[in-house]
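Biologist: Can you walk me through this one? I'd like to go piece by piece.

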Amino acid sequence: MQLKPLTKGRFQSIWQQDDAFIEKIFRELLSDTQLIAENEYLYHQGQVIDRLIMVESGRISLRYSAENGRRFQLGAMECDEQLFGEMEFFTGYRCQLDIVAEEPLTVAVCSCERLEEALNQHPKLAIFFASAMAVDYQDMLEIFLHRMLYPIVHNVAYDLYRQHLNKQPMDGFSKNYQEAERFGTTDRVYRRAVKELIDAGLVARTKQGLEIQDLDGLRQFLGNDSFE
């Protein structure tokens, strides 16, 4: 979640008015800062969470590794006052994902004990956390449902279309094997799906990566998923 005014949801107008209040309270909870090197973990999958980490700016990635050796890349993110560990703080579960620095980061730390005290003192802060986590949950659930229920070629097309609309919460990667893991498949299957879209004239491969070549055709290919 972000320490930013929410732009959607039931309470968005309240948070836009009270943003300074929420940010002031939370920043008072940040006890110290730490330097995180590139490729270093902010959290390990399975780790017990005893603190929350805020990344003011910088790029991180999230991934899940299964015992059978397969790995699912959720994607990469350009952080803007991004907070991590909040879900585990409320559930008491171990960390579900590896969270990795894609570049050197300076992060701020908040202990779980201090946050719990602040939530008891400021109920509005608790509602802010609930609202922000609900938005994040539904955004992430949409990604997972598409990955599970649609063919790879549809997911690649849908991902590009969401990028076009600037509605993609997570970015992709430049390396094919990481993109394949982001779609929960192998490098060979991913490349075959991309080739199908290129052969259909819907997308093109450029130096910057895949780009939409026929927007109307892509909308028709996606059907109801192209509704904005």
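**Salt bridges, domains and a helix**

Modeller: Arg182 and Glu179 sit three residues apart in helix α7 (residues 176-182), so about one helical turn separates them. Bear in mind that this is a predicted model.

Biologist: What do Arg182 and Glu179 form, and how far apart are the closest N and O atoms?

Modeller: They form a salt bridge, with the closest N and O atoms 2.7 Å apart.

Biologist: Are Arg182 and Glu179 buried or exposed?

Modeller: Both Arg182 and Glu179 are buried.

Biologist: And what about Lys195 and Asp199, buried or exposed?

Modeller: Lys195 is exposed, and so is Asp199. They form a salt bridge too, with the closest N and O atoms 2.7 Å apart. Both lie in helix α8 (residues 187-199), four residues apart, about one turn of the helix.

Biologist: How many salt bridges does the structure hold?

Modeller: It holds 15. One of them pairs Asp98 with Arg63, the closest N and O atoms being 3.9 Å apart. Asp98 is in strand β5 (residues 98-101) and Arg63 is in strand β3, so this pair ties together parts 35 residues apart in sequence.

Biologist: What is the relative accessibility of Asp98, and of Arg63?

Modeller: Asp98 is at 8% relative accessibility, so it counts as buried. Arg63 is at 15%, so it counts as buried as well.

Biologist: Switching topic. Which domains does the assignment give?

Modeller: Domain 1 (11-138) and domain 2 (150-222). Their C-alpha centres lie 29 Å apart.

Biologist: How many residues are in contact between domain 1 and domain 2?

Modeller: 12 residues of domain 1 are in contact with 11 residues of domain 2. About 950 Å² is buried between the two domains, and carbon and sulfur atoms give 51% of that area. On the domain 1 side, Arg71, Gln73 and Ala76 lose the most area to domain 2, together 46% of what that side buries.

Biologist: How many salt bridges and polar contacts are there between domain 1 and domain 2?

Modeller: The rule finds two salt bridges across the interface. Arg59 forms a salt bridge with Asp171, with the closest N and O atoms 3.2 Å apart. Six residue pairs are in polar contact between the domains.

Biologist: Which element gives the most to the side of domain 1 that touches domain 2?

Modeller: β3 and β4 (71-84) each supply at least two residues of that side. β4 gives the most, with eight residues.

Biologist: Now helix α4. Which of its residues are buried?

Modeller: In α4 (residues 112-121), the buried residues are Cys112, Leu115, Ala118 and Leu119. Down the axis of α4, these buried residues fall within an arc of 125 degrees, so they line one face of the helix.

Biologist: What does the face of α4 turned away from its buried side carry?

Modeller: It carries the exposed residues Glu113, Asn120 and Gln121.

Biologist: And what covers the buried residues of α4?

Modeller: The cover includes α2 (19-27), β3 (51-65), α3 (86-91), β6 (105-111) and α5 (123-149).

Biologist: Last one. Where does Tyr137 lie?

Modeller: Tyr137 lies in helix α5. At 49% relative accessibility, it counts as partly exposed. The C-alpha atoms of Tyr137 and Met87 are separated by 9.5 Å, though the two residues are 50 apart along the chain.

How values were computed. Residues are numbered from 1 along each chain as its sequence is written. This is a predicted model: local features need pLDDT of at least 70, side-chain atom pairs count only at pLDDT 80 or more; totals for chains, interfaces and linings use all residues. Side-chain values use heavy atoms; hydrogens and water are left out. Buried means under 20% relative accessible area, exposed over 50%, partly exposed in between (1.4 Å probe, protein chains only). The arc is that of the directions from the helix axis to the C-beta atoms. Contact means heavy atoms within 4.5 Å. Domain bounds come from an automatic or database domain assignment. Buried area is the accessible area (1.4 Å probe) that two parts lose on being put together, summed over both. A salt bridge is a side-chain nitrogen of Lys or Arg within 4 Å of a carboxyl oxygen of Asp or Glu. A polar contact is a pair of N or O atoms within 3.5 Å; within protein, one must be able to donate a hydrogen and the other to accept it, and residues adjacent in sequence count only if both atoms are side-chain atoms.
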